[in-house]
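Welcome to this short briefing.

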Amino acid sequence: MNAPSMTALRAGFSRGLIEYRHTLSSKGDLFAHFGTITVFIVVSLIMSGQDIDGTDVPIANMWMPGLMGLTVCMSGLLTVASTLATDREDGTLLRAKAVPDGMIGYLIGKAVHIALVTASVVAVLIVAATLLLDGFDPGGPADWATVAWVLVLGLLATAPLGAIAGSLISSPRAVMAVLVLPFMAVMGVSGIFYQAGALPEWMQWIAQALPLYWIGLGMRSAFLPDTLLAVEITESWRLDQAALVLTAWAVVGFLVAVPILRRMARRESGARVEAGRRRAMQRG
Amino acid sequence: MALVEEDTHAPAAHGGADGPGAAVEVSGLRMRYGDSEVLAGVDLHVRSGEVVVLLGPNGAGKTTTVEILEGFRARSAGDVRVLGADPATADERWRARLGVVMQSWRDHGRWRVEELLSHLAGFYAPYAEPGRPKPRAVPELLETVGLSDYARRRINTLSGGQRRRLDVAIGIVGRPEVLFLDEPTAGFDPEARRGFHDLVHGLADENTAILLTTHDLDEAEKLADRILILAGGRVAAEGSAEQLAGRVSADAEVKWTRGGQRFVHSTPDATAFLRGLFADYGDEVADLEVRRAGLEDAYISLVNRYEAGGAHEAASAFAEEIR
């Protein structure tokens, strides 16, 4: 790799760290990233008396890894999409274009930032579940390794989708409006809060075609006892299959996203940013 | 850093910046959006060390022109060379020799001033050349643009003028050979404006080619070696402030009434015209007014006509006045 790309790579990493620091010191960001999981942790505590049908495992213990999967998927899809739309509107992306190798720095920075934030939320969930939930087994290094690869592969599988959405939808406010409903639908069939094995078969097929089910499955495999396999779709953790499906989503996603991203980046200009500023101002 | 030095090339390999060759060369530049032609054949050139101001009313195509030169916008037609390369296809090495200050920027609001400037400066390091060290030292640069006291401030807490000065600092941190500034002084107070003018002259002394847009004639007169007035998608007039003023004042406007009717005539020789007028009508001529129009009058009437909607009529009327 040549010197400019190395420099941009390093700058990208430091950019990711700086933005991570900004996130940790911003109330708004902390609320956005940790607010949802806090609500779910509280609900889990209230529900702690209830077991999953036919087992003695509290339903809340199944929710925790489900939440971790959900966090990964939300980061990859919603955070990537809304960040991209915001960065297009306020000129961050254009600034990156104006600097030599700035786009490399920008993309690496985003990847590092989002991966760090996602990992932090997952880590908080693990700690909270271990401290607060009865019988939640935080597992050992092998389980955490599973969490790590599911997290990274899960982000790689979903981030291209988020990037495509963020490239095609020009207003950051519209991004959420467009994505939230389909996201909720996917969440509903993907066995995050309710075992997918109990859903009608056609829904199970939809779930298994999408990344979220496999990310959730990977997370559950790390933290739930094998007695719970009875409620999974094929009564097995199927980690190799999870890796395969997520990799396929990542590869196809990148192939589709790269030309769309290129086209979007090419069209960024000051006039577009100015138009975005006017739109944002009209909104008040 | 050591890695970086090894990769640098001799400056001669790039050329363009030195000698009489223009850093920016544009001919027949056209830009069309659907049915409307924003640029209808613009010619311009900027030499190293020269400050060229693109002056024109809002919507005259200044930003479009600059964005094409910056490589941010594809043109419809025309030849464009910036530092010897076509901006539409130029690479990152070319990009490293450019400085860009766009019209509207609200990015990186949560970053601190010094944090962002240092971060962006880092990208230029591999592109340093002998005799052209890159990037500029950040503390000195903050001093130059008068933001030393704000180095640790979050960018979204800066005033409009301070934010703009940061934009300028970012634009020049890579020690560019060509600098594009689109309405750079928006939000500046008079002192900041004066400081900015000194900065621009200093950059020109370092042999930087500078193309700056403004709709403020006063600013153009203070800064420009050459002013290009853009109207109706063309360069309506070109020259130094003195040359343009001289060309305008060649014409005087004569107003009078005769038999209750108002007349207006513009003429390069008011005395001869009046002699003829009196010879023909004598005492019938009343309410006589003779006025030499300055560049400012010509420009203001251009802007007024332009804003009234007739871009092309405004441009041709202006071209008439400034012939």
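In which loop of chain B does Arg175(B) lie? Arg175(B) sits in the loop between α6 and β6 (178–182) of chain B. Please keep in mind that this is a predicted model.

**Backbone geometry**

- Most residues other than glycine have a negative phi, and most peptide bonds are trans.
- Arg175(B) has a phi near 50°, a positive value in a residue other than glycine.
- Asp287(B) is not a glycine either, yet its phi is positive at about 50°.
- Asp287(B) belongs to strand β12 (residues 285–292) of chain B, and it counts as exposed because its relative accessibility is 56%, where exposed means over 50%.
- Lys134(B) and Pro135(B) are joined by a cis peptide bond, with omega about -10°.
- Pro135(B) is placed in the loop between α4 and α5 (138–144) of chain B.

**The interface between chain B and chain A**

- The size of an interface is often given as the accessible area lost when the parts come together.
- Here, chain B and chain A bury about 3000 Å² between them, and 57% of that is on carbon and sulfur atoms.
- Arg106(B), Arg110(B) and Phe123(B) supply 23% of the area that chain B buries against chain A, more than any other three residues.
- The contact draws 30 residues from chain B and 37 residues from chain A.
- Between chain B and chain A there are 13 residue pairs in polar contact, both residues at pLDDT 80 or more.
- On the side of chain B that touches chain A, α1 (2–7), α3 (92–95), α4 (113–122) and α6 (160–172) of chain B each supply at least two residues.
- The largest share of that side of chain B, 4 residues, comes from α4(B).

**Salt bridges**

- Side chains of opposite charge can pair when their charged atoms come close.
- Over all chains, the whole structure holds 26 salt bridges, and the count between chain B and chain A is 4 salt bridges.
- One salt bridge pairs the side chains of Arg21(A) and Glu115(B), at 2.5 Å from N to O.
- This pair crosses between chains, running from helix α1 (residues 3–24) of chain A, which holds Arg21(A), to helix α4 of chain B, which holds Glu115(B).
- Arg21(A) is partly exposed, with a relative accessible area of 49%, whereas Glu115(B) is buried, with 15%.
- Within chain B, Arg193(B) forms a salt bridge with Glu219(B), their closest N and O atoms being 3.0 Å apart.
- Arg193(B) lies in helix α7 (residues 190–205) and Glu219(B) in helix α8 (residues 217–223) of chain B, so the pair ties together parts that are 26 residues apart in sequence.
- Arg193(B) is partly exposed at 24% relative accessible area, while Glu219(B) is buried at 2%.
- Glu284(B) and Arg258(B) also form a salt bridge, with the closest N and O atoms 3.7 Å apart.
- That pair links distant parts of the chain, 26 residues apart: Glu284(B) is in the loop between α10 (270–281) and β12, and Arg258(B) is in strand β10 (residues 252–258) of chain B.
- Glu284(B) is partly exposed, with a relative accessible area of 45%, and Arg258(B) is partly exposed at 23%.
- Arg95(A), Asp107(B), Arg163(B), Arg164(B) and Asp167(B) are joined into one network by salt bridges that share partners.

**Two buried residues**

- Asn61(A), in helix α3 (residues 59–90) of chain A, counts as buried at 3% relative accessibility.
- The side chain of Asn61(A) reaches the backbone oxygen of Gly135(A) at 3.4 Å.
- Beyond its neighbours within four places in sequence, Asn61(A) is in contact with residues including Leu133(A), Phe136(A) and Leu224(A).
- Val82(B), in strand β4 (residues 77–82) of chain B, counts as buried at 0% relative accessibility.
- Val82(B) and Ala23(B) are 59 residues apart along the chain, but their C-alpha atoms are separated by 5.7 Å.
- Leaving aside neighbours within four places in sequence, the contacts of Val82(B) include Leu69(B), Trp94(B) and Phe180(B).

**A nonpolar surface patch**

- Leu45(A), Val127(A), Leu131(A) and Leu132(A) make a nonpolar surface patch of about 380 Å².
- Helix α5 (residues 102–132) of chain A gives the largest share of the nonpolar patch, 3 residues.
- Val127(A) is found in helix α5 of chain A and counts as partly exposed at 48% relative accessibility.

Notes
Residues are numbered from 1 along each chain as its sequence is written. Chains are lettered from A and ligands numbered from 1 in the order in which they are written. This is a predicted model: local features need pLDDT of at least 70, side-chain atom pairs count only at pLDDT 80 or more; totals for chains, interfaces and linings use all residues. Side-chain values use heavy atoms; hydrogens and water are left out. Buried means under 20% relative accessible area, exposed over 50%, partly exposed in between (1.4 Å probe, protein chains only). A polar contact is a pair of N or O atoms within 3.5 Å; within protein, one must be able to donate a hydrogen and the other to accept it, and residues adjacent in sequence count only if both atoms are side-chain atoms. Contact means heavy atoms within 4.5 Å. Patches are made of residues with over 30% relative accessible area and no salt bridge: like charges are joined within 9 Å, nonpolar side chains (Val, Leu, Ile, Met, Phe, Trp, Tyr) within 5 Å. Accessible areas come from the Shrake-Rupley method with a 1.4 Å probe; for residues, only the protein chains shown count as cover. Buried area is the accessible area (1.4 Å probe) that two parts lose on being put together, summed over both.
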